[in-house]
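Q: I have a new structure open and would like to learn how to read it. Could you take me through it feature by feature?

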Amino acid sequence: MATSPTSTEQKLTSHLAQVFAQYPIDVAHGEGVWLYARDGRKILDFYGGHAVAGLGYGHPRWLAALERQARQMTFQTNALPMVIRERAAARLTRFAGLGLDTVFWINSGAEANENALKAAFRLTGRNKVVALEHGWHGRTAAAGAVTWGALEKWYGFPRTPFDVRYAPRDDAAAAEQFVDRETAAVIVEPVQGVGGAYDVGKPMLHALRRRCDESGALLIFDEVQCGMGRTGAPFAANFHGVVPDMITAAKALGNGFPVSALMMSRRVAGELKHDDMGTTFGGGPMACAVAEAVIDTIESESLLANVRQVSDYIRASCIIGPVTGVQGLGFLLGLKTSRPAKEVQAALLAKNILTGTSADPHILRLLPAYIMNEGHVDRLSDALSRISA
């Protein structure tokens, strides 16, 4: 009679590439802001699938949109027009409210950033990009080239496809000096994710906008992690009152279904010609249906207001135990820790609360679903109070 393999045997016979450090949780299913592990644990999720699960798990509106579109049509090539693509693009641009009225649908944040950079090179004819120190933009050739530390750690390609200069993230006057008439684009996360839930801030973003206008460079906001309502505004661009030439969005845009978008100004979109961009799966009807459902849910359930309210509550109640301060915006927050953040993360997980870390060893990153409430935060605060500083 056959017997079930042990966990050790399963690990030894795994056919998955062993490239991910993983938390010790075997997830069976999720509901709302809760994860249910196969060993019976119920875990409060402040990590949100790395900022993807903006609506949490199993949201009925999201599920209904996915099922409805799956029954109607799961996929169709971009060579055939579909109303759902047009409707979702219009919905996204209205949600953003920034005048970036042209959308190119793709699949991932890195792919969105690749296309944004390519558009900047085509439009300007220049050969240099300015990025900010500590920024993260993806693992593909161009996105990785503008990611802080990638060349030293994991980049892997024999050379970068263009020149990159890294400007400081905390000195607007110094950063402006990096942007000149050889610069095709400046790419920036308005709130850095991997860089420690760090809000670059209005002065820096305004300075970069002004310098791009002076030099003719294009300004790209990578809002893959901080966008789609995570700051408590549609995008960090709205929050800070700075309109870039392009915004890239992904992660919470699909609430778990792979979808990303490049939103472009008329200046950029007006230069596009047939075959300048392309994709097989981008703009698939199921991806567009869930993106539309995510936006409808954020607006109809007043989730932006909830993010702002609960974010303020986290700031007021979670500076306790090993936490000495809070940085970031909305639901992209970094709890500053007096001891290594990984130790605090492990202690919280032992109390059935999942959080994230970052490149900053003393930042515990929170990326919860927008449906998180103050009662959930009380659980986090209580757990932190029982961890030594």
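**Reading the model step by step**

A: Gladly! This is a predicted model, so let us begin with confidence: the protein chain has a mean pLDDT of 96, and 97% of its residues reach 70 or more.

Q: Where in the protein chain is confidence lowest, and where is it highest?

A: The lowest mean, 51, belongs to helix 1 (residues 7–12), while strand 10 (residues 218–222) has the highest, at 99.

Q: Next, the cysteines. How many disulfides are there?

A: The idea is to look for two cysteine sulfur atoms within 2.5 Å. In this model the count is zero. Take cysteine 212: its closest cysteine sulfur is in cysteine 226, 17 Å away, which is too far for a bond. Cysteine 226 is likewise in no disulfide, with the sulfur of cysteine 212 as its nearest.

Q: Is cysteine 212 buried or exposed?

A: Burial means under 20% relative accessible area. Cysteine 212 has 1% relative accessibility, so it counts as buried. Cysteine 226 counts as buried too, because its relative accessibility is 1%.

Q: What should I look for in the interior?

A: In soluble globular proteins, nonpolar side chains tend to be buried together. The largest nonpolar core here has 78 residues, and the members touching the most others are Leu92, Trp105, Met228, Phe235, Leu253 and Leu348. Helix 12 (residues 285–300) is the main contributor to this core, giving nine residues.

Q: Which residues does leucine 253 touch?

A: Leaving out residues up to four places away in sequence, leucine 253 touches Leu92, Trp105, Met228, Val259, Ser260, Ala261, Val290, Ala291 and Val294. There is also a second, separate core of 27 residues, with Ala116, Ala119, Ala185 and Ile220 among them.

Q: How do I read a sheet? In what order do the three strands of the open sheet lie?

A: Follow the pairing from strand to strand. The order is 13-14-16, with antiparallel pairing. Strand 13 (323–329) and strand 16 (363–366) are the edges, each pairing on one side only. From one strand to the next, the twist averages 25°.

Q: What joins strand 13 to strand 14?

A: Six bridges do, and the two strands run antiparallel. In one of them, valine 326 has leucine 335 in strand 14 as its partner. Helix 14 (residues 341–350) packs on the sheet, touching strand 14 and strand 16, and its direction makes about 50° with that of strand 16.

Definitions and conventions. Residues numbered from 1 in each chain as written. Predicted model: local features only at pLDDT ≥ 70, side-chain atom pairs only at ≥ 80, totals over all residues. Heavy atoms only, no water. pLDDT = per-residue confidence, 0-100. Helix = DSSP H or I, 4+ residues; strand = E, 2+ residues; numbered from the N terminus. Buried < 20%, exposed > 50% of the residue type's maximum accessible area, 1.4 Å probe, protein only. Core = buried A, V, L, I, M, F, W, Y, C linked by side-chain atoms within 4.5 Å. Contact = heavy atoms within 4.5 Å. Pairing = 2+ DSSP bridges. Axes fitted to C-alpha atoms, helices over the stretch in contact; angles between N-to-C directions.
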